[in-house]
Amino acid sequence: MLEGKTAVVTGSTSGIGLATAEVLAEQGINLVMHGLMSDEEGNALVQSFAEKYRIKAIFDGANLMDSEAIATFMKRAINEMGSIDILVNNAGIQHTERVETFPIAKWDAIMSINLSSAFHTIQQALPDMQKNGWGRIINIASVHGLVASVNKSAYCAAKHGIIGLTKVVAMENAELGITANAICPGFVDTPLITEQIQQMADRDGIDFATAKRQLVIQKQSLPDMMEPRQIGEYVLFLCSSTARMITGASLTMDGGWTAQ
Ligand code: NAD
């Protein structure tokens, strides 16, 4: 059912986005891959996907801090791929620091990349989805869209914000065959959290592996980090016909983090 559809996955050069792109490609879904990577590396990446999965795939390196660059990126994606059926707003960054010393430039960057970019991509993708009567918008939020942690003011504000945006988009498009949902992962094993683990290791004088486990069990009932591919499979489920009635939802995969 999904074969031949086209997905844009922002931030698909690494971590959750890359794994999600792979899960979708396995279903024969054409891809617009995106992220901070040189055109040379990005083009080599999409070429390897195109050959392995026999799909059409293009790469774009638009900086999501720039709203005009996002519009250009999305227009190019629509022109070259026909239309966008599935939009996964995944790209994101993190910075951890108390509010009183949190750098303003970091606040602005996190709000732009983790929140505003999703508004811009959704705005560009919706008209075709509405015309086609089918669309899937999946925003990779976080447990930090539902609960807070110290030192994560910008991240929590952006992730709470993207859940609000998801609900509005879901309601505005409910009768048009378009669903919009947010996935809220706990700890996922990607480069995004390497710095946090290293900070904990340095602060407590412990090795990286021990710090990694400590970080997880502080918050989750399950002591393991999620694998990026598990989030990709959650995305695929939300694209399936079984998930047709799921919209406006914030769906956790958090090892029990928010059960407490
Ligand atoms: P990652 O660091 O592995 O990948 C981030 C991606 O975003 C990369 O492709 C990078 O190029 C892209 N990106 C960053 N800044 C960009 C910019 N200015 N312009 C364009 N692209 C940019 O991170 P990840 O862990 O895979 O995170 C993906 C999403 O999942 C993020 O939204 C993150 O908040 C969310 N998330 C991650 C975790 C976790 O534990 N790793 C938990 C919950 C939610």
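This is a predicted model: local features need pLDDT of at least 70, side-chain atom pairs count only at pLDDT 80 or more; totals for chains, interfaces and linings use all residues.
1. Residues are numbered from 1 along each chain as its sequence is written, and side-chain values use heavy atoms, with hydrogens and water left out.

2. Which residues of α6 (residues 194-204) are buried? They are Gln196, Ile197, Met200 and Ala201, where buried means under 20% relative accessible area, exposed over 50% and partly exposed in between (1.4 Å probe, protein chains only). Viewed down the axis of α6, these buried residues fall within an arc of 135 degrees, so they line one face of the helix; the arc is taken from the directions from the helix axis to the C-beta atoms. Glu195, Asp202 and Arg203 are exposed on the other side of α6. Just after the helix, glycine 205 has a positive phi of about 65 degrees. Helices (H or I, at least four residues) and strands (E, at least two) are DSSP runs, numbered from the N terminus.

3. Strand β2 deserves a look of its own. Five of the five residues of β2 (residues 30-34) are buried, so the strand is largely enclosed by the rest of the structure. Asn30, Val32 and His34 point one way, while Leu31 and Met33 point the other way. In a regular strand the side chains alternate between the two faces of the sheet.

4. Now for the partners of β2. Strand β1 (residues 6-9) runs parallel to β2 and is joined to it by four bridges; two strands pair if DSSP finds at least two bridges between them. Threonine 6 has asparagine 30 of β2 as its bridge partner. Between β1 and β2 the chain passes through helix α1 (residues 15-26), in a right-handed β-α-β crossover. Right-handed means that, with the strands pointing away from the viewer, the path from the first strand over the helix to the second runs clockwise.

5. Strand β3 (residues 57-60) also pairs with β2 in the parallel sense, over four bridges. Here valine 32 stands opposite isoleucine 58 of β3. The chain goes from β2 through helix α2 (residues 39-53) to β3, and this β-α-β crossover is right-handed.

6. Arginine 54, in the loop between α2 and β3, has a phi near 55 degrees, a positive value in a residue other than glycine. Arginine 54 is exposed, with a relative accessible area of 77%. Asparagine 151, in the loop between β5 (135-140) and α5 (153-172), has a positive phi of about 70 degrees although it is not a glycine. Is asparagine 151 buried or partly exposed? Asparagine 151 is partly exposed, at 32% relative accessible area.

7. Finally, the domains. The chain is divided into domain 1 (6-186 + 226-253) and domain 2 (190-225), with bounds from an automatic or database domain assignment. Their centres, taken over C-alpha atoms, are separated by 26 Å. Domain 1 contributes 15 residues to the contact and domain 2 nine residues. Between them the domains bury about 760 Å², 51% of it on carbon and sulfur atoms; buried area is the accessible area (1.4 Å probe) that two parts lose on being put together, summed over both. In domain 1, Gln94, Thr96 and Met226 lose the most area to domain 2, together 44% of what that side buries.

How values were computed. Contact means heavy atoms within 4.5 Å.
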